[in-house]
Each structure stands twice: as C-alpha cells, then as structure tokens.
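Student: Can you walk me through this fold? Keep it plain.

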Amino acid sequence: MTYHPKSDFMAVMIERGFLADCTDYQGLDEALVQGVVPAYIGYDATAKSLHVGHLLNVMMLRWLQKTGHKPITLMGGGTTKVGDPSFRADERPLLTPEVIDDNIASMKSVFAKYLSYGDAPTDALMLNNAEWLDGLNYLEFLRDIGRHFSVNRMLSFESVKSRLDREQSLSFLEFNYMILQAYDFLELNRRYGCLLQMGGSDQWGNIVNGIDLTRRVLDHEIYGLTSPLLTTSDGKKMGKSQGGAMWLNADMLSPYEFWQFWRNTTDADVGRFLKLYTELPVDECERLGALEGSEINDAKIRLANEVTTLCHGAEAAAAAEATAREVFEKGGVGDDLPTLTVTAAEVAEGISVVQLITRSGLAKSGKEAKRLIADNGARIDDAPLTDAGLMLDAAALSSPVKLSAGKKRHALVVLEG
C-alpha cells in the first residue's frame, strides 16, 4: 500500500499490519491530524468474556488511545436481543436481558486492562446500544430510518447471500440486524461526535451502511476502517484451539493456559503476532520473528510474556513462564497449572481416570478421554496412561496427581483438605 499517513494512528495501523481497508484514507487521516477522533467497535454480549479472536480489535482501540484519540466500546445490549447473522450457518439462540447485562458487566473488567476509562477528552467510553434501541417506536423507525435501506442492496451483502445461497433460513429478525447496526453509528455520531467505526473485514457491509445512513440523515461525513480476518499460518481461525475458545477472563481460562496458547504459536506467525498483539517496536518484532532453530522459542516466550502481561499482569506472566519451565524442563509439577479439586466423598469408592481427564478440561467428553488414552496421548505423573479403566482412591490422591494430554496440556488433581 502506497498511502503515506500524516497521523500517528494511521501510521501504526499500516506499519503493524492492522489495516485491511478504509472508506476514505485521506479524509480519516486529515480528521485524525486535526483533533481528537472518537472511534468505536461494537461487541456482542453473547458471552461472559471476550476471547483471543477479539484481541486484535481491542489492540486497535488501545493504539487509538495511545495516539491521542477517544475509544468507545459499544456493548450490544440491544442488538444481542436480535443476533448478528453475519457468516453464521444458523440463527443465534436469544438471551434474556438479565444474562446480557451480566455478560456486559463481566466483559467490562477485561476492557479496563487495555483502555483507560474516564471523563478526560481521550478517556474511553463504555456505552450500551440498548440506550437508544430499547425505546424505539417501530413505526417511526420504519418511516425515518427504514426508508433509507434498499432490500435489493441488503440482499447483495456477502453475509446475507451466503445464507441464502445455502438455502438456509434467514429470519426477518436477523435481517433487521444490519439496519440496527447502521443506526448505532448514526446515534453515536449524533450523541457523541463519533467519526469512525472499526471492525473485522467481515463487518465492511455493516460499516458502509452506517456511513451511508448518517450521510443521508445528518449530512455528516464519517469513516470506516477494517482489520484483516486473522487466520494462523496453518489456516485455523485465530483464537480457537482444541480445548475451545481462548477466553480473556482469568476465571474462564487460567493465565497459564493463556500463556501456553501464545507460547505454542507456529514459527511462521511469531513476527506478525508480535506486531499485532504486543507493543514492542516494529524492528524488534521483525528481529524476533526472523530467529530460527531453537532461538525462535525465545521469541515465542517473549510473545507469551508480553501478551499475558497486558491481559493478566506481569506477575501472572512470570508465574506462567516459571511453571512452564518446571513442567517441561524438569518434568516437575508447576504451581500455576489448572487444578481440579475433588472431595473425599467423591473418591471414597474410587474415581475413574476418564472422569478426571474430562472434569479437568483435558478432554471434552468421556469418549474423547478414552480415545486420548487409546492413542497413547495421555500421561499420569509423566508416565504413559494406558488403562482407561483405572480408578483412583483417596490413597492414590494423597499427593497431587498430574494429568497430561499430549506434550503441552496439563492439569493437577488435588484432594480437598
């Protein structure tokens, strides 16, 4: 890309690999040079925590704030009642308002680690689109907003087309989602002077809709910027692992497992991930990413430490690294391993090792645990586990037992009291 930005924010976006597309490079760049630009990213309130898949755009908001602008985290308290159909094969289950509010409260704690909230000009704002969506009058909304949308054009968007091409049902409820998201941008511009919406490149159609609607209704010029949809070098979607989503809340995924996720990055991804997920200077990211042989492992540890420090704090990162060294280099039992506590009553008549593997999160089901054992992928206290019928009693659990799935996933089983 040959565009040479004047603003610090656009320079960071381009140099570090955050930028996929922009509706008007020059117009946005000029606005960023002229003063504080409020910019938002929308988040569904469908879970209690953000996951690694969200981290790319959380870092975009962080850089926005670091370069002197105002991030807005827009929680979809209203739109979550509808569900975003974008690139989904099926309709989302609908959540109650109480569950949505709980999810938003839980997600707030994660954002606060990356952004500084408050009342100063560049302090972040957390908003909830229920603020303007809950009180909408349907007939007025159709008349004032609905008339600006062409159904022909809405049907041409890839997210809608892909559902219709597969002849999967797309409910009218979901079809309305893109109108509501466009209306969010309009309201954020009207209420808070928001000039920019950011998101993954799958949100391009929704972002353009909001820009178009705001221009028609308010005659204001606003902008959109998208990040690339990230896959790992082996083609997997970023943030997914065999164990499920990589959550950012410590109570849903231990800092040790989070650290391990980054430590296990494929060699080819190290340089790129350092630029996107850490604040190390770009030339240092490139130097580390170019290391070869055993030295690339040092770069991966640096990546894991930097990302974990941002999310969970420096102490958690140091503890995770110490545990990893103990577990891998000395074959010991680290203090920081995910731990399953069982009661004396539960093991009075013995408890099956299959149940322990499942409950500790090393397998999703008993069937998967048995397959792991059959494929010689399970270990108990670093020794091969070959007997799927093995039962452990209180005596066997008198000291902590270490279970392993493959070389990199471990858990401790501890007897209560």
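Tutor: What follows covers confidence, the sheets and some helix packing. This is a predicted model, where local features need pLDDT of at least 70, side-chain atom pairs count only at pLDDT 80 or more, and totals for chains, interfaces and linings use all residues. Residues are numbered from 1 along each chain as its sequence is written, and side-chain values use heavy atoms, with hydrogens and water left out.

Student: What does the protein chain average in pLDDT?
Tutor: The average is 88, and 93% of the residues score at least 70. pLDDT is the predictor's confidence in each residue, from 0 to 100.

Student: Where is confidence lowest, and where highest?
Tutor: Lowest in strand β7 (residues 240-241), with a mean of 59, and highest in helix α1 (residues 8-15), at 98. Helices (H or I, at least four residues) and strands (E, at least two) are DSSP runs, numbered from the N terminus.

Student: OK, sheets. In what order do the six strands come?
Tutor: The order is β1-β6-β5-β2-β3-β4, in an open sheet with mixed pairing. Two strands pair if DSSP finds at least two bridges between them. β1 (21-22) and β4 (125-128) each have a single partner strand, so one side of each lacks a neighbour in the sheet.

Student: In which sense do β2 and β3 pair?
Tutor: Parallel, over six bridges between β2 (residues 38-43) and β3 (residues 70-75). Y40 has I72 in β3 as its bridge partner.

Student: Which strands does helix α11 touch?
Tutor: Helix α11 (residues 204-218) packs on the sheet and touches β1, β5 and β6, with its direction at about 170 degrees to that of β6. Contact means heavy atoms within 4.5 Å. Axes are lines fitted to C-alpha atoms, for helices over the stretch in contact, and angles run from 0 to 180 degrees between N-to-C directions.

Student: And helix α2, what does that lie across?
Tutor: Helix α2 (residues 25-34) lies across β1, β5 (196-200) and β6 (223-227), at about 105 degrees to β6.

Student: Switching topic: at what angle do α13 and α14 cross?
Tutor: Roughly 155 degrees, with the axes of α13 (residues 270-277) and α14 (residues 282-289) coming within 7 Å. That makes α13 roughly antiparallel to α14 (angles under 35 degrees count as roughly parallel, over 145 as roughly antiparallel, 65 to 115 as roughly perpendicular and the rest as oblique).

Student: Which residues meet there?
Tutor: From α13, V270, G271, L274 and K275; from α14, V282, C285, E286, L288 and G289.
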